[in-house]
Every structure is written in structure tokens, then in C-alpha cells.
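Please walk through this structure by its contacts, going from the parts of one chain to the pairing of two chains.

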There are 2 protein chains.
Amino acid sequence: MKVNGQHYHTIWVKEGDDSIVQAIDQRVLPHQFEIVDLKTCNDTVTAIKDMIVRGAPLIGVTAAYGMYLAVLGNENLQEAAQKLNASRPTAINLAWAVNEQLKTVEGLSDRGEVIAKLLENAHRIKTEDIVISRKIGEHGLSLIEEMSQNKKGETVNILTHCNAGWLATIDWGTATSPIYHAFEKGIKVHVWVDETRPRNQGANLTAFEFNQHGIPHTIISDNTGGHLMQHGMVDMAIVGTDRTTIQGDVANKIGTYLKALAAYDNNIPFYVALPSTSIDWDIKDGLKEIPIETRSENEVKYIQGKAENGKLTKVLLTPESSNALNVGFDVTPARLVTGLITERGICNANKEGIFQLFSEKK
Amino acid sequence: MKVNGQHYHTIWVKEGDDSIVQAIDQRVLPHQFEIVDLKTCNDTVTAIKDMIVRGAPLIGVTAAYGMYLAVLGNENLQEAAQKLNASRPTAINLAWAVNEQLKTVEGLSDRGEVIAKLLENAHRIKTEDIVISRKIGEHGLSLIEEMSQNKKGETVNILTHCNAGWLATIDWGTATSPIYHAFEKGIKVHVWVDETRPRNQGANLTAFEFNQHGIPHTIISDNTGGHLMQHGMVDMAIVGTDRTTIQGDVANKIGTYLKALAAYDNNIPFYVALPSTSIDWDIKDGLKEIPIETRSENEVKYIQGKAENGKLTKVLLTPESSNALNVGFDVTPARLVTGLITERGICNANKEGIFQLFSEKK
């Protein structure tokens with residue numbers, strides 16, 4: 001989508017030098033717009049680990065390019081796969097993309113051919129992600145259109161949590177794709193953007209996206225959505241997911257479950273937008289089976305923002321000696337999810353619904 | 001309670017000079033411990049408005065001293081009452097304390113006598129608040145004791161939101177009072193402290209209190225409680241309230257409703273601790289009848305913390321031009337509240353329960 005009026009993807013191979021992959025540094029948004037060079041597989045591991053890139057689909061594409069850079073740097077592909085897989089535990093797209101790369105060069109021995117194949121396949125994974133995001137948007141658009149008609153053209157208020165925007169994918173996003181599509185079609189939309197502590201991807205990234213694209217939005221603390229729902233100020237919620245089980249449980253950024261409870265309590269539709277690559281076909285019970293990442297307590301204790309002098313500055317928010325716990329994700333049980341918006345259409349958040357769209361997975 | 005090993009109240013008349021009221025400046029906690037002088041009624045209005053002091057009971061006591069300082073400064077008492085009442089819209093204790101002061105000097109004309117009466121009555125209101133907090137603690141203690149016995153002496157994990165601690169009252173606190181009492185009785189407790197965006201009173205104040213008093217605690221983002229409850233890591237929640245209706249609906253810091261939903265969904269007891277002064281006997285339906293304060297969007301967009309150079313620094317967290325909405329409170333419907341812990345005992349969150357303890361209000 002657009003940044004400063006120019007169309008960007010989140011990751012690309014540098015023009016004129018295909019030994020360098022470039023990505024938007026998401027750690028310094030929204031205050032600075034910087035591009036980083038990823039020259040080695042380790043650079044991509046670091047980019048994933050340090051959240052220069054984040055969001056399940058983008059992590060997958062980054063890992064795909066990481067595999068390419070590994071062979072370009074004469075590294076062992078299996079070892080590269082291993083360290084990429086270990087860089088973030090929750091996102092299933094990561095393992096999927098790494099595996100796609102391993103498969104594509106299976107049996108090949110010529111280094112040049114392996115490199116070419118890995119690059120080509122990374123491009124393919126990237127392009128497919130754009131198509132998936134676009135299709136999610138086209139399907140989700142119908143829900144917003146319907147709501148807009150029900151409201152006789154009045155503004156549709158949508159709540160979203162964290163960033164499942166184009167910055168989490170390559171373009172369009174997942175949860176935001178229906179919103180971008182509605183906006184481009186001239187439907188009046190307004191988005192409540194959960195700031196999404198501790199890393200504030202809503203305030204940093206989703207708000208940045210919407211600002212740059214001109215989509216009306218208001219940032220709120222994560223505590224606020226329930227109140228807004230109680231008072232008819234939210235028409236629907238659309239969030240992303242890092243992993244969905246076949247019974248329709250969804251792991252997403254910590255706090256999603258709380259918003260789903262509030263939506264349910266107030267009879268507000270709660271949708272989860274996802275590429276089918278984030279469905280884990282092997283597991284049912286999200287609460288019991290999805291591994292949940294615990295991150296550094298410093299992400300809770302410190303926060304970065306722009307100080308008065310214009311510099312990015314980290315400040316301590318808590319007593320120095322207090323402990324903090326930083327759980328990255330929670331699981332929203334399927335019973336609270338109104339529907340899943342996928343690249344193949346919208347379905348109920350249960351086995352029957354999912355298999356209706358993805359019958360080949362039965 | 002204790003700060004640096006010394007026993008403090010949140011507000012007091014300066015030793016040796018009773019024309020000055022002193023209070024802990026809660027805006028710079030937990031990084032700095034500073035005392036401010038309040039010399040005029042306007043100083044107390046500012047202290048309430050700027051949240052140098054906050055928390056319903058402490059606001060009430062501050063307003064009571066504000067009335068005293070008004071007459072000491074030759075101000076009109078009615079006008080003082082008016083501006084104090086206007087300083088924060090949600091807290092009912094404020095209007096109550098101001099009214100108590102008006103009543104105490106009704107019919108008196110001698111200025112010296114009025115001053116003496118107002119000071120004496122402010123002291124009385126303050127002392128009564130300490131007693132109320134202590135009693136809330138004694139009653140609430142029984143719930144923690146019972147939970148501890150059920151867990152065979154294992155640590156009782158309690159979640160709290162915002163700061164309903166001694167810093168919100170004069171001493172002991174409301175939601176924290178049962179915790180302090182349990183701790184002093186040697187019961188093993190651990191508290192999950194919601195940081196409570198946007199003003200982070202949990203991370204700034206509750207964590208400061210517990211740190212100074214030695215109570216085991218862990219700070220979490222407001223998004224985290226639902227996940228902890230899903231995984232059996234919370235035994236009970238205790239929160240405060242700014243206003244409770246006679247049907248047991250409670251207004252409290254924004255986000256309380258979300259935690260109550262999660263507690264209900266996971267069958268975890270959710271208690272609200274309150275002095276009866278925060279019961280609004282005139283209203284029933286909290287969602288419809290409690291006025292909710294909207295505060296400056298800058299409290300969402302900016303946050304203060306301690307920078308590496310040791311200085312308190314404000315940083316911008318959002319795109320400069322994004323809007324934010326800052327709703328101060330939400331209302332938790334009585335159906336989600338397990339019980340109210342008051343100075344007279346514990347009751348169900350409904351009219352029958354409340355009138356059982358406060359039959360004179362029928």
C-alpha cells in the first residue's frame with residue numbers, strides 16, 4: 001500500500017542487486033521510515049527475531065528469502081532451516097515457507113540452480129501472499145458492504161487489534177484488507193485501532209498504515225474496546241491470527257480473547273481474517289495445543305517513542321525492580337468467532353466450515 | 001503503608017504549619033518520590049485535575065481539605081464547592097466530601113470557627129477513610145484465607161486493575177487492603193498487576209506500593225489477564241470502583257469490564273472492593289446512568305517514563321497526526337461481579353445484597 005504517496009511492499013529484492021533483500025524496518029515506525037538491507041540468512045533470522053519484520057505472512061516470506069540468502073552465502077540449507085524455524089515459535093507460516101523452500105530444491109545439486117530456484121520460489125511465495133491478501137479483502141468487503149447497507153450508508157465502525165495490516169504481509173494485509181477494499185470502493189469506514197501493548201503494533205503500525213493511506217481511524221488503549229462495544233460504537237471487529245486450529249480456535253496477539261468476549265457479550269460480529277497457510281491442520285484445541293511465546297519482560301517494562309528532541313527514546317515505565325510477564329499471544333475459542341475470512345471465502349469457525357472451503361484437506 | 005521503610009499517608013497537614021496541606025505527587029511515581037505543598041483551594045483543584053492525587057477516596061479527602069484552604073484564603077465557600085465538584089466528573093466521593101464540608105459549617109458565621117470546623121471535619125473524613133479501608137481489608141481477607149485453604153497453602157494469585165491501593169485512599173487502599181491484610185497475616189499471595197493504560201496506574205502506583213511493602217507481584221499488559229485466567233494462573237480478581245449503583249453495576253477504570261468478562265468466562269471470582277461512600281444510591285443502571293469521563297487524547301498518544309539519563313521523559317507513541325480517544329472508565333454490569341467487599345462486610349452485587357448491609361438506605 002502507500003507510503004508518502006508511493007506504493008510499497010514490506011520486503012523486496014534490491015533493484016539491480018539480487019544478493020540483497022530489503023525490508024521496511026518496522027521497529028522505528030511510525031516515527032521514521034527506514035529500509036534495511038538483509039544480506040545473509042543470519043540477517044533474516046535477526047530481522048524476524050528482533051521484529052524488524054513481523055506478522056505471520058511476512059515472517060514466512062522473509063524466511064523464504066532467508067533460505068535463498070543462506071545458499072548464496074554458502075551455508076548449509078538444513079542448518080539455515082533450523083535456525084529460521086527457531087527464530088519465532090508461534091507463527092506457522094514460518095515453518096511452512098521454510099519447508100516450501102526445502103521441497104523446491106529437493107534432489108537438486110547444482111548450486112547455481114539451487115540459488116535460482118530458491119529465489120524464484122521466494123518470489124512465488126511473496127506473490128501468492130499478495131494474491132491471498134487481495135482475495136481476503138474481496139471476500140471481507142462483502143461483510144462491510146452489508147453492514148454499510150444496514151446502516152443506510154452511515155460510517156461502519158470496525159475495531160481491530162494489533163497489526164494484521166499490509167505491514168504484516170506483503171500488501172493489503174489480512175484483517176485490514178477488507179477495510180482497504182471498502183475504502184477504495186468509497187464505503188464510509190472508521191477504524192478503532194487498539195494500541196496493543198506491549199509492543200504497540202496498533203499505534204505504531206496500523207495507525208501508520210491508515211495515516212498514510214488516508215483511512216479514518218482513532219487509536220484507543222487496549223482497555224477501551226469493551227466500553228465502545230457496550231455503547232454501540234463498534235459495528236464489527238476484524239482481527240488477524242497467527243495460527244488457527246481445525247476446530248476454529250485462533251491464536252492471535254495477546255488481548256484478542258478479551259475483545260472477542262466483549263463482542264460476544266454485546267452481540268457484535270467478530271471476524272478473523274487469515275490466509276489458509278496459517279491454519280494448523282494437525283491440531284484441534286487451541287488452548288491446549290498452540291504453543292504460546294513468552295517474550296522478554298523488558299518489552300513491558302520499557303517503551304520506545306519519539307521524545308521532544310525528535311529522537312527515538314526508550315523509557316522505563318515500571319519500578320526498576322518489579323518483575324513483568326510478557327505473553328505474546330492468547331487463544332480465542334471458536335465459540336466466540338463469528339466467521340473466518342479466508343482467501344477462498346468466509347466460513348464458520350469450525351471443522352465443517354473450514355472443510356467446506358478446503359475440502360482437499362479433509 | 002510503607003515507603004522506604006517509613007509509614008506514610010497520601011495526604012496530611014504539614015507538621016508545624018496547618019496552613020499547608022501536603023500530598024505525595026503521584027504523577028512522578030514510581031521513579032521519584034516527591035511531596036507537594038497545597039496552599040490554596042486552587043492548588044487542590046489542580047491536584048485533583050492533574051492527578052497529583054487520584055483515586056475516589058483520596059480525591060474526596062483532598063476536596064475536603066480544599067474547602068478548608070478556600071476559607072483560609074478568604075474565598076467564597078459555595079464557589080469553592082463548585083470548582084472542586086467540577087474538577088473530576090466521575091468520582092462520587094468528591095461531591096460527597098464537599099457536601100460534608102458544607103453541612104458542617106451550615107449556619108456558622110465566625111470565620112475562625114468555620115476554619116476550625118472545616119479542618120477538623122477534613123481530619124474526620126480522612127480518619128474515617130482509613131478505618132473504612134482497614135475494615136474492607138479485614139472482610140476481604142476472609143476470601144483470600146479461604147482460597148489459600150482451598151489451595152492447601154499454595155500461593156493465591158490475585159489480579160488487580162489500575163490502582164485501588166493505599167495511594168488511591170489514605171492508607172491500606174480498597175482492592176489492595178485485603179491483600180495487605182493477607183500478606184501481614186503470612187498468607188502466601190502474588191498479585192498480577194495490570195499496567196492499566198493509558199495512565200499506567202498499575203505499573204506506576206500499584207507496583208510501587210507492592211515494591212515498597214514487599215508484596216510479590218508481576219506487572220502485565222492489560223491484554224494479558226484473559227490468557228492467565230484461561231490457564232488457571234489467576235485465583236481471583238479484586239478491583240476498586242469509582243461509583244457503584246444500587247443494582248451493583250460498577251464504574252471503574254477503563255478495561256475493568258474486559259477482565260470481568262474473562263473472569264466470568266473462566267469461572268474465577270471477581271470482587272469489587274469499595275467504601276460505601278462510592279455507592280450512588282440514586283441510580284440503578286450503571287451503563288445508562290453513570291457519566292463517563294473522556295480525557296485528553298494526549299494521555300494515549302504520549303507516555304512518561306524514565307529515560308536512560310535518569311530524567312522523566314515524555315515520548316510520542318503514535319503517528320503525530322492520528323487521533324486518539326481516551327475514555328477514563330467503563331461499567332461492569334452486576335451480573336459479572338461475584339461480590340462487593342465493603343466496610344460492613346461482603347455482599348452480592350445487587351439491591352438485596354447491598355440493602356442487607358446498608359438497611360438504613362432502603
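**Contacts within and between chains**

About 2,900 Å² is buried between domain 1 of chain A and domain 2 of chain A, and carbon and sulfur atoms give 58% of that area. The model is a predicted one, and the domains in question cover residues 2-127 (domain 1) and 137-361 (domain 2) of chain A. Their C-alpha centres are 24 Å apart. In terms of residues, 34 from domain 1 of chain A are in contact with 32 from domain 2 of chain A.

The polar part of this domain interface can be listed briefly. Between domain 1 of chain A and domain 2 of chain A there are 11 residue pairs in polar contact, both residues being at pLDDT 80 or more. One salt bridge is found across the interface of these two domains. The side chains of Glu293(A) and Arg88(A) form a salt bridge, with an N to O distance of 3.1 Å. On the side of domain 1 of chain A that touches domain 2 of chain A, at least two residues each come from strand S1 (2-3), helix H2 (56-72) and helix H4 (92-104) of chain A. H2(A) makes the largest contribution to that side, with four residues. By residue class, the side of domain 1 of chain A that touches domain 2 of chain A consists of 17 nonpolar, 10 polar and seven charged residues.

The next interface is the one between the chains. Interface size is often expressed as the accessible area lost when the parts come together. For chain B and chain A the buried area is about 4,800 Å², 57% of it on carbon and sulfur atoms. The contact involves 64 residues from chain B and 64 residues from chain A.

Six salt bridges are found across the interface of chain B and chain A. In a salt bridge between the side chains of Glu195(A) and Arg197(B), the N to O distance is 2.6 Å. Polar contacts between chain B and chain A number 32 residue pairs, both residues at pLDDT 80 or more. Several elements of chain B supply at least two residues each to the side that touches chain A, among them helix H7 (201-213), helix H8 (225-230), helix H9 (256-265), strand S8 (217-220) and strand S17 (323-327). H9(B) gives the most to this side of chain B, with six residues. The side of chain B that touches chain A divides into 29 nonpolar, 24 polar and 11 charged residues.

Strand pairing also links the chains. Strand S8 (residues 217-220) of chain A runs parallel to S17(B), and three bridges join the two. Within this pairing, Ile219(A) stands opposite Ala324(B) of S17(B).

How values were computed:
Residues numbered from 1 in each chain as written. Chains lettered and ligands numbered in written order. Predicted model: local features only at pLDDT ≥ 70, side-chain atom pairs only at ≥ 80, totals over all residues. Heavy atoms only, no water. Contact = heavy atoms within 4.5 Å. Buried area = accessible area lost by both parts, 1.4 Å probe. Salt bridge = Lys/Arg side-chain N within 4 Å of Asp/Glu carboxyl O. Polar contact = N/O pair within 3.5 Å; in protein donor to acceptor, adjacent residues only side chain to side chain. Nonpolar A, V, L, I, M, F, W, Y, C, P; charged D, E, K, R; others polar. Pairing = 2+ DSSP bridges. Domains from an automatic or database assignment.
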